[in-house]
Amino acid sequence: MGSDDRRLEVKICGLKTAEALDAALDAGADLVGFVHFPKSPRHLALAEAPALVARVGGRARTVALLVDPDEALLAEVVAAFSPDLLQLHGKETPARVAAIRARFGREVMKALPVASRADLDNLPAYAEVADRILFDAKPDPGALLPGGNGRPFDWHLVAGLDVGRPLMLSGGLTADNVSQALSEVRMDGVDVSSGVEDAPGVKSPAKIRAFVAAARRAAAGFPDPSARAFKADGPEDLSPKVRAS
Ligand SMILES: O=C(O)c1ccccc1N[C@@H]1O[C@H](COP(=O)(O)O)[C@@H](O)[C@H]1O
């Protein structure tokens, strides 16, 4: 990252083609996400990952999205394309998040499903062990996917939170609603997948460009989009900053 470490971070997730990835990079996405979860229409096979991720060439930070991964899968993913961040989008406990972070030496972003205030009860515990937190809509019981469902949630549930970690918003964001979302909740970043697609798993370069532009415009309207300035240059020692309040 450059010197502007206070700006809103934009993540485009679920990239699996060169065309879509290039669109995200050219649009100026800060983070590009690759889903390795076979049930997802955005699943990227590890055999294809190295060539695709090589296109990033340092223009953005790379994120591997995994759901309750075991050690073997984590090792395979890290060996395949050395992601900068691991996004854990399953039911990983705080202890599991801490163990993964310690073992693999990558920044960890823990996704928390939100439908009610009670879903935030564990936020302080996760903030103690994760480098950043991502809020997503809680899926219906029995849903095929734990995320990537293109569903928003009540953003006010996550308004005004400060747990000493960067916070990102996701869940049903689009170029049309990201400005509204950021006017209601000040976040360090936004993350989108379905909202920049023409069909599940089929990214639209035009929608990617529109989303990044809309997020940037919205952030420009709020010169200090977050009171939580943060740097995104790699894992840091979390212990001195831990505040569980
Ligand atoms: O995108 C997926 O297929 C996916 C699968 C399993 C877990 C998470 C997934 N996506 C992530 O979910 C959020 C919200 O996505 P959307 O914009 O509502 O589609 C985002 O972080 C995706 O990366």
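These legends describe close-up views of a predicted model of a protein chain with a ligand.

Figure 1. The protein chain contains 7 helices and 10 strands. It has 245 residues, of which 43% count as buried. Among contacts between residues at least 6 apart in sequence, 58% join residues that are at least 24 apart.

**Figure 2. The annotated domain, residues 10-213.** An unreviewed UniProt entry gives this stretch the annotation "domain: N-(5'phosphoribosyl) anthranilate isomerase (PRAI)". Over residues 10-213, the chain is 30% helix and 22% strand.

**Figure 3. The closed barrel of 8 strands.** The order of the strands is β1-β2-β3-β4-β5-β6-β7-β8, and the pairing is parallel. On average, neighbouring strands of this sheet are turned by 25° against each other, with direction ignored. Strands of a sheet pair through backbone hydrogen bonds, and this pairing can be parallel or antiparallel.

**Figure 4. Strands β1 and β2 side by side in the barrel.** Strand β1 spans residues 9-12 and pairs with β2 in the parallel sense over 2 bridges. Ile12 has Val32, in β2, as its bridge partner.

**Figure 5. The shell of residues around the ligand.** There are 28 residues around the ligand, and Cys13, Ser40, Gly147, Gly148 and Ser194 come nearest. The elements that give two or more residues to this shell are β2 (31-35), β6 (132-137) and β8 (189-192). By class, the shell consists of 14 polar, 10 nonpolar and 4 charged residues.

Notes:
Residues numbered from 1 in each chain as written. Predicted model: local features only at pLDDT ≥ 70, side-chain atom pairs only at ≥ 80, totals over all residues. Near = placed C-beta within 6 Å. Helix = DSSP H or I, 4+ residues; strand = E, 2+ residues; numbered from the N terminus. Nonpolar A, V, L, I, M, F, W, Y, C, P; charged D, E, K, R; others polar. UniProt positions renumbered as here; feature names shortened; annotations may be inferred. Pairing = 2+ DSSP bridges. Axes fitted to C-alpha atoms, helices over the stretch in contact; angles between N-to-C directions. Buried ≥ 20, exposed ≤ 12 C-beta atoms within 10 Å, placed from the backbone. Contact = placed C-beta atoms within 7 Å.
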